[in-house]
Amino acid sequence: MSVNMNHIHSQVMWNRLISVVEEQALTLIRTAFSTSVREAGDLSAGVFDEQGRMLAQAVTGTPGHVNAMSEAVGHFMRALGVDTMAEGDVYITNDPWKGTGHLHDITVVSPVFRNKTLIGFFACTAHVVDIGGRGFGPDGREVYEEGLFIPIMRFATRGEVNRDLVNIVRNNVREADQVVGDIYALAACNEIGDRRLQEMMNEFHLDNLNSLGEYILENSRIATLAKIAALPKGSFSNEMRVDGYEKEITMRVKLTISDDMVVADYDGTTGVSEYGINVPMIYTKAYSCYGLKCAIAPEIPNNAASLAPFDAVAPENCILNAQHPSPVAVRHVLGHFIPDVVLGALHKFLPDRIPAEGAGTTWNIQIGVDAEQAGLDKKESTQILMFNSGGGGARPEYDGLHATAFPSGIHTMPVEATEQVGPIVVWRKELRPDSGGAGQCRGGLGQVVEISAAEGYSMSFNAMFDRILNPALGREEGQAGLAGGVQLSDGTQLKGKGSRVRVPTGQRVVLTLPGGGGYGPVKNRDPQKVRDDVRNGYISTATAKDIYGVDV
């Protein structure tokens with residue numbers, strides 16, 4: 001048996017390149033100031049060739065950042081001009097239409113030089129806790145209200161930091177130390193990537209990334225096209241109803257599969273909202289491609305070539321292709337539903353592969369805490385961002401995952417880390433029994449989260465929640481999960497979206513997160529699994545008897 005040593009050598013270098021970007025991402029986690037980055041992993045990191053094509057991404061990170069960032073580097077190259085770039089440069093933006101969809105995500109790009117020749121780029125993105133303006137919430141009517149807009153520009157030129165930009169940022173955000181610290185962490189993350197890449201290239205005697213890049217992209221392209229070629233051809237449609245803000249939203253997709261392409265077309269989707277739930281196309285495409293790739297070619301590494309056969313289109317000024325200056329601060333609320341929308345269409349011709357709908361969007365809560373008594377805290381206000389996740393949809397052969405952030409992939413923030421940031425108390429953070437949809441395979445459970453200000457402080461929060469009116473649906477006769485809810489501890493019901501919602505002194509806010517849909521007929525569930533669910537506290541004895549017909 002002959003062995004292609006060139007192939008083995010190239011594969012080793014490919015794996016090494018992935019380890020380089022993993023260290024790049026871990027550097028960002030270790031040095032970041034915001035809990036959204038260092039605790040939840042709301043970030044992305046990747047390496048690109050000299051043409052701006054993504055060669056490798058860190059597994060650590062979110063699809064909305066990674067897949068959007070894969071297009072962002074091209075915007076940097078065009079805006080700044082490759083011929084103006086030099087060693088020591090660092091570039092920055094939070095442009096929602098050229099970055100990752102809203103102002104709270106800062107993208108940093110650094111060129112890589114070897115022997116004074118540009119050979120590629122490192123890029124990374126992180127969600128910062130505050131970017132000024134109205135804060136992280138849905139009530140803006142234009143992007144101008146939502147915070148500081150940083151166009152594509154230089155953060156550092158030949159190693160010299162742009163102090164004017166740093167000064168502008170410091171004077172326009174509430175958490176200046178955190179935000180500026182995160183920007184420096186992003187720059188450091190790319191610098192570490194550069195160092196490790198140079199060490200790798202020294203070890204393998206490489207002058208550039210051209211041959212390795214072509215190997216990666218060509219093999220990824222061939223493997224992805226083979227997966228698409230095996231699919232049934234034609235068009236398949238699906239729609240999903242979600243809460244929206246001022247009215248409910250219908251997200252419609254027609255999925256067209258040809259020999260070498262899968263395209264998601266969102267024609268017929270509801271038009272733009274007056275509020276900040278709108279989604280720029282770069283984010284819609286990122287999550288469309290992610291959902292499709294998860295189902296069709298999950299084992300192929302994410303790069304420019306494995307993403308290229310997947311595309312998304314939408315009419316201008318539908319809510320999934322909002323144009324500037326539409327408000328987009330909480331674009332994730334609808335954006336996180338996109339994979340389930342396209343998976344619903346895939347389910348019609350890929351039976352026994354696609355899970356039921358899940359909670360989808362994360363239940364992010366931005367909390368503002370103020371001292372009620374003088375001398376308690378020298379700061380006028382503290383901003384705290386907390387991520388919470390509902391239940392995942394049941395799979396054809398397995399129960400849904402509890403309290404799991406699909407599709408974003410962010411981590412749940414530890415209560416201890418959240419309470420350390422500011423004067424709040426998390427009284428409860430526990431699984432919500434009976435919230436998973438019933439079925440042969442049960443949907444994953446949501447959570448109950450109960451929060452208040454610490455003694456002597458007052459609290460308000462920005463709500464950006466969904467699936468209160470429209471729960472996650474099951475598949476193949478599986479039942480829907482329970483819808484979510486927001487209320488005060490005295491039972492007062494609150495809206496799912498809004499900014500600066502006051503929590504009266506002595507009260508707590510209680511979030512009941514939605515569960516995932518079930519899969520398959522309820523009658524087919526193994527009675528022993530029902531008993532196990534009761535024993536584990538996932539369902540009540542009443543649910544076991546009334547829905548599953550099992551008397552425990």
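These legends describe an overall view and several close-ups of one predicted model. Residues are numbered from 1 along each chain as its sequence is written, and side-chain values use heavy atoms, leaving out hydrogens and water. In this predicted model, local features need pLDDT of at least 70 and side-chain atom pairs count only at pLDDT 80 or more, while totals for chains, interfaces and linings use all residues.

Figure 1. Helices (H or I, at least four residues) and strands (E, at least two) are DSSP runs, numbered from the N terminus. The C-alpha trace spans about 70 × 70 × 40 Å along its principal axes. The radius of gyration is 24 Å, which agrees with the value near 24 Å for a compact globule of 552 residues. That radius is taken over C-alpha atoms, and the globule rule is 2.2 Å times the number of residues to the power 0.38. Of the 552 residues, 60% count as buried. Buried means under 20% relative accessible area, exposed over 50%, and partly exposed in between (1.4 Å probe, protein chains only). Contact means heavy atoms within 4.5 Å. Among contacts between residues at least 6 apart in sequence, 73% join residues at least 24 apart.

**Figure 2. Surface and charge of the chain.** Accessible areas come from the Shrake-Rupley method with a 1.4 Å probe; for residues, only the protein chains shown count as cover. The chain carries 49 positive and 65 negative charges, and their mean positions lie 2 Å apart. Lys and Arg count as positive, Asp and Glu as negative; His and the chain ends are not counted. Each charge is placed at NZ of Lys, CZ of Arg, CG of Asp or CD of Glu.

**Figure 3. Helix α7, residues 281–296.** This helix has 16 residues. From first C-alpha to last, α7 reaches 22 Å, close to the 22 Å expected at 1.5 Å a residue. The expected span is 1.5 Å times one less than the number of residues. Helix α7 is mostly covered, with 13 of its 16 residues buried.

**Figure 4. Ala72 in helix α3.** Helix α3 covers residues 63–80. Ala72 is buried, because its relative accessible area is 0%. Neighbours within four places in sequence aside, Ala72 is in contact with Lys98 and Gly99. Gly409 lies 337 residues from Ala72 in sequence and 21 Å from it in space, C-alpha to C-alpha.

**Figure 5. Ser499 in strand β18.** The strand runs over residues 497–503. Ser499 has a relative accessible area of 16%, so it counts as buried. Not counting residues up to four places away in sequence, Ser499 touches Gly137, Pro138, Asp139, Phe461 and Asn462.

**Figure 6. Two cis peptide bonds, at Pro325 and Pro407.** His324 and Pro325 are joined by a cis bond with omega about 10°. Pro325 sits in the loop between β11 (310–313) and α9 (332–335). The bond from Phe406 to Pro407 is also cis, with omega near 15°. Pro407 belongs to the loop between β13 (382–386) and α11 (415–421).

**Figure 7. Positive phi at Asn115 and Arg158.** Asn115 is not a glycine, yet its phi is about 55°. Its loop links β4 (105–114) and β5 (117–127). Asn115 is exposed, with a relative accessible area of 62%. Arg158, another residue other than glycine, has phi near 50°. Arg158 is found between β6 (153–157) and β7 (160–161), in a loop. Arg158 counts as exposed because its relative accessibility is 63%.
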